[in-house]
Amino acid sequence: MEYNRHELPKLADKLKTSRNLSKDEWIYLISNRTPELAEYLFSLAREERHRHYGHDVYIRGLIEFTNYCRNDCLYCGIRKSNSHAVRYRLTEEDILSCCRTGYESGFHTFVLQGGEDGYYTDEKLARMIRRIKSLYPDCALTLSVGERSCDSYRLLFEAGADRYLLRHETYNTRHYSMLHPPTLTAAARQECLWNLKKIGYQVGTGFMVGSPYQTAEHLAEDMLFIKELNPQMVGIGPFISHCRTPFADRESGALELTLFMLALLRLMLPRVLLPATTALGTIDPRGRELGILAGANVVMPNLSPADVRKDYMLYDNKLCTGEESAECRRSLEKRMESIGYHVITARGDSLN
Ligand code: 5AD
């Protein structure tokens, strides 16, 4: 390796100029990071973010419309075999009412997120998409409903969905299989992402930071995959254990490493949309502000009806009252103003 510890900033500069690093360089940068290097990266990341997106923070209204899920991901609180989860499904009218509330408070993107729930057939989802898009033609509609066939993705796109969020979770095949049941594979996941891109969606992918068994090499592979996919959005957040999963006793991912990865993503894909996620806000009360200061430019307040929010528990202590919710847009705005940023209501399409 041609770099020694004193030359870490050079590697950061190289990332800034060439927008990419080799696998070994990613590993080196991630595993030898220091607080000083992190500060330097954050300042570079903010520069990039200001160049392309100024001090604007985009908001997305998140509607968690079903917590039924056919999958059994080992980390996830709404996994099929968690019999303690209280399951719910919002009706079409419920969802439309969330959109109405959101629209009235200025949201121009709705994110329909749910577990992989067989109840929501293509027909039901397409009908809902058409209704939302005809009522709110000036809004973007984002889907986050997991793995489906290419035909299904196409049908939902034709019904009017604009964007799709599907985290790849981890690129590495072996690591993927340690986090998921044998029915799910890294290859199938990645194929979905390529299909979504081909169809014409604005695509978001991402991964958990500090998930069980994760190494710097895995993170390096995630960066290389994201560079190749070149998505419009990247959502990352710390892994947080959930008491009713096989990973109940695992340590959570670190705030510090999550912020570091956010800054690396901003430097690798300067125009990408990068949310400061709920998980980041959950592990630290100032997590989302720190995320913005590390290069993030999106926040996703919850628009789901208050009484079901506690049931969409992907991990323990997930924020579900107060400032992550749409009612508290004012306080979210204040938080952002306090660090020199402002929430804006534009659709906020990706420049990437
Ligand atoms: N900790 C952090 N993030 C989680 N997700 C699911 N379970 C957890 C957890 N325990 C993330 C996954 C998924 C997204 C909707 O939530 O990355 O893609």
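# Close-up views of the predicted model

**View 1. Glutamine 113 and its contacts.** Leaving aside residues up to four places away in sequence, glutamine 113 touches Leu62, Ile63, Glu64, Phe65, Thr66, Ser144 and Tyr312, where contact means heavy atoms within 4.5 Å. The model shown here is predicted, with local features needing pLDDT of at least 70 and side-chain atom pairs counting only at pLDDT 80 or more, while totals for chains, interfaces and linings use all residues. Residues are numbered from 1 along each chain as its sequence is written, and side-chain values use heavy atoms, with hydrogens and water left out. You will find glutamine 113 in strand E3 (residues 109-114); helices (H or I, at least four residues) and strands (E, at least two) are DSSP runs, numbered from the N terminus. Glutamine 113 counts as buried because its relative accessibility is 18% (buried is under 20% relative accessible area, exposed is over 50%, partly exposed is in between; 1.4 Å probe, protein chains only).

**View 2. The surroundings of the ligand.** Tyr75, Cys76, Arg167, Glu169, Met208, Pro238, Phe239, Ile240, Leu314 and Tyr315 surround the ligand, each with a heavy atom within 4 Å of it. Sorted by class, this shell holds 8 nonpolar, no polar and 2 charged residues; here Ala, Val, Leu, Ile, Met, Phe, Trp, Tyr, Cys and Pro count as nonpolar, Asp, Glu, Lys and Arg as charged, and the others, Gly among them, as polar.

**View 3. Polar atoms around the ligand.** Look for a polar side-chain atom of glutamate 169, 2.5 Å from an oxygen atom of the ligand. On the backbone side, a polar atom of tyrosine 75 is 3.0 Å from a ligand nitrogen, and a polar backbone atom of isoleucine 240 is 2.7 Å from a nitrogen atom of the ligand. Taken alone, the ligand exposes 410 Å², and the protein buries 87% of that (accessible areas by the Shrake-Rupley method with a 1.4 Å probe; for residues, only the protein chains shown count as cover).

View 4. Lysine 16 and glutamate 47 meet through their side chains in a salt bridge, 2.9 Å from N to O. Lysine 16 belongs to helix H1 (residues 8-18) and glutamate 47 to helix H3 (residues 35-53), so the pair ties together parts that are 31 residues apart in sequence. A salt bridge is a side-chain nitrogen of Lys or Arg within 4 Å of a carboxyl oxygen of Asp or Glu, and by this rule the count comes to 27. Lysine 16 is partly exposed at 22% relative accessible area, as is glutamate 47 at 40%.

**View 5. A link between helices H2 and H9.** The side chains of lysine 23 and glutamate 217 form a salt bridge of 2.8 Å, N to O. Distant parts of the chain are linked this way: lysine 23 lies in helix H2 (residues 23-31) and glutamate 217 in helix H9 (residues 216-229), 194 residues apart. Lysine 23 is partly exposed at 27%, and glutamate 217 is partly exposed at 37%.

View 6. Aspartate 151 and arginine 154 pair through their side chains at 3.1 Å, N to O. Both sit in helix H6 (residues 150-158), 3 residues apart, about one turn of the helix. Aspartate 151 is exposed at 54% relative accessible area, whereas arginine 154 is partly exposed at 32%.

Key:
Polar contact = N/O pair within 3.5 Å; in protein donor to acceptor, adjacent residues only side chain to side chain.
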